[in-house]
Amino acid sequence: MLEIKNLHAEIENEGREILRGLDLTVKAGEVHAIMGPNGAGKSTLSHVLAGKPGYRVTEGSATLDGVDILDMDPSARAAAGVFLAFQYPVEIPGVANMTFLKAALNAQRKTRGESEILTPDFMRLVRTEAGKLKIGQDMLKRPVNVGFSGGEKKRNEILQMAILQPKLCILDETDSGLDIDALKVVSEGVNALRSPDRAFIVITHYQRLLDHIRPDVVHVLSKGRIVKTGGPELALELEAKGYADFAEAAA
Amino acid sequence: MPTSPKPRREGDVMNVIIPKERRKTKAELELEAAFDRVGAALPGAGREAAFARFTGTGLPHRRIEAYHFTDLRSLLATAPEPAARPSLAEATAAVGADVFAASEPARVVLVDGWFSPKLSDLTGLGEGVTVASICDTMSSGGSVEGIGRLIGGRAVESDPLVALALAFWTDGVVIRVAPGATMARPLEIRHLASGKPVTACVRHLIEVGAGGKAEIVESHESPDGVVIHAHELTELVVGEGAEVTLIDRQREGDEAVRLSTLVVSLADRSKLDHTVVTLGARLARTQVFARLGAEVDLQTRGATLVRGRTHADATLVVEHAGPNSVSRELYKSAVDDEATSVFQGRISVERAAQKTDGRMGAHAVLLSDRAEAKAKPELEIFADDVACAHGATVSEIDETLKFYLMSRGIPADETERLLIHAFLGEVTDAIPHEGIRGAISAEIDGWIDGRGK
């Protein structure tokens, strides 16, 4: 589904290279965890895939189902099926959560040449998905993420994912700022979305999240490249030994 | 220095005494000629004195502090002829669709500054509510009780726009709500234009008695491509414990000039909820001078949407004269192309106004590299136990917010639309009347959709 080849990317204004020849293949139905020390390029990878301004891809490619996504603007990537769950979801004063969800869903459908969702169908969809994530009516009526707690913001990200039904979900440190209970709710939400035609990239520092969202493949990212790939046991190994070995291996 | 064309020495202009220090501008000379021609025939007293105050200073310019950002000497190239009363056919032709129709307001219609009883509908306003033409009242020998009371001897009297309005007004309405009476439906004051290039000048007096309630929306419209100067002076007297909602929305044509002044006095325990929405005109200035008694609640908000090369100015002076009053001033503008928005606001708290709670905010979002926003919020406090604050921001559309929305599939232009609407929503969502709020919200969306076209 996702095929990244020799990806090089730098921060636009500084010219500092963060991703240095990254290769990654993620097949439909798989969950890949990406771990690594601070500054390895984990968040940059998620930003570059989603199309966040401020980065420049200097070499390499990233395709989703054979289509190059790096030339698309962020909204086109989203319509193509890319979804980034933000580490720090953004507060948008004045735009009600419900209005936002509907605008996003309909915009994606329009880009894909589908008709707009009927309001009753939309309401039913939101009610069902919000219920699973313990998101109440007040959170849907309030402006997007404004005044939400850390846990509420992350649950709201998963709600968007559930409604937009992307092909490729990238979770950028979704566990940061979550207590144990919130982590469980969020993980259950993610697990409910696992399906044979959807893939996940789970970026995290900690093994803890992977106890809840079981990965098929674990990668270690260091200095802008994947330096080791293994099964779930690799995450346990990292938890025990830390990243010291890999930092040197990449150097 | 604004350039001053050499005055033509012909006709009645010959008699004008030109001070040695400067040449008068074309617009000033045209105003003087017009006053000589029409001033004497207009009803009411005090016009000569008002015009003398105007000629004493002339059009205000950048070295006059209150007009520093809106230099009328350079922005007003001409002053069109004062408008004659339009015929019924002309007036009728000026009436287009009313965006507030769904709210079923009673209606006062003025065309080119003249009240048109045939086009107005003053039914259903309820017991104790009266509306009358000021011109008709005075022309038939009657007097309008209380008119000018908020202006005479006050600082506002020396404002050049107030002086011009007092010299040139042709008509307007006096609206009275008796003590304890409530307007049974909203009243719309519709200012329309026949499409002739004229100066239309109106004044209104709105008096809401103690405990009375009124809901008034003013709308201003004129066609594109015509140089129309629209002046307005409104006195609003809010009695003890009275509650007033006033919405002033203008969508003048792209060559129009709109210069409005609202003078308000708020008696003890009264409430005013005021909103100004600026969607049109090449040059607009809205001045609000409010004076508050004790335990008053004043909310005043503005939404300014400007593009092209237009210039819109909101100027606000709020005087807290009595204790325990609350005032909230929130003015927002969206500025596109090469347009300019100006906000000047001053809250002044007199010695007696202890426990004043005042908060003023002015925020602008710039939608193009050449757009400009100027803000000058001021506090002037003479009481020692008050809570007052002000803040001003000028920014572009937040890239972080934009990326977040786009990352969910919303295209760039739709993202900007949502964010501009949300930015101004803080002003328009607070309009109490649901129908009027909805109509204005739709007009704002229409403005946003018209960007870049």
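## A buried serine in chain A

S187(A) is buried, with a relative accessible area of 1% (buried means under 20%, exposed over 50% and partly exposed in between, using a 1.4 Å probe and protein chains only). You can find S187(A) in helix α7 of chain A, residues 180-193. Leaving aside residues up to four places away in sequence, S187(A) touches L209(A), H212(A) and I213(A) (contact means heavy atoms within 4.5 Å).

## About the model

This is a predicted model, where local features need pLDDT of at least 70 and side-chain atom pairs count only at pLDDT 80 or more, while totals for chains, interfaces and linings use all residues. Residues are numbered from 1 along each chain as its sequence is written, chains are lettered from A and ligands numbered from 1 in the order in which they are written, and side-chain values use heavy atoms, with hydrogens and water left out.

## Helix α9 of chain B

Now look at helix α9 of chain B, residues 434-449 (helices are DSSP runs of H or I with at least four residues, strands are runs of E with at least two, and both are numbered from the N terminus). Its buried residues include I436(B), I440(B) and W447(B). The buried residues of α9(B) pack against strands β7, β9, β11, β13 and β15 and helix α8 of chain B.

In chain B, the axes of α2 (residues 47-57) and α6 (residues 160-168) come within 8 Å and cross at roughly 145 degrees (axes are lines fitted to C-alpha atoms, for helices over the stretch in contact, and angles run from 0 to 180 degrees between N-to-C directions). Among the residues making this contact are F51(B) and F54(B) of α2(B) and L164(B) and F168(B) of α6(B).

Methods
The expected span of a helix is 1.5 Å times one less than its number of residues.
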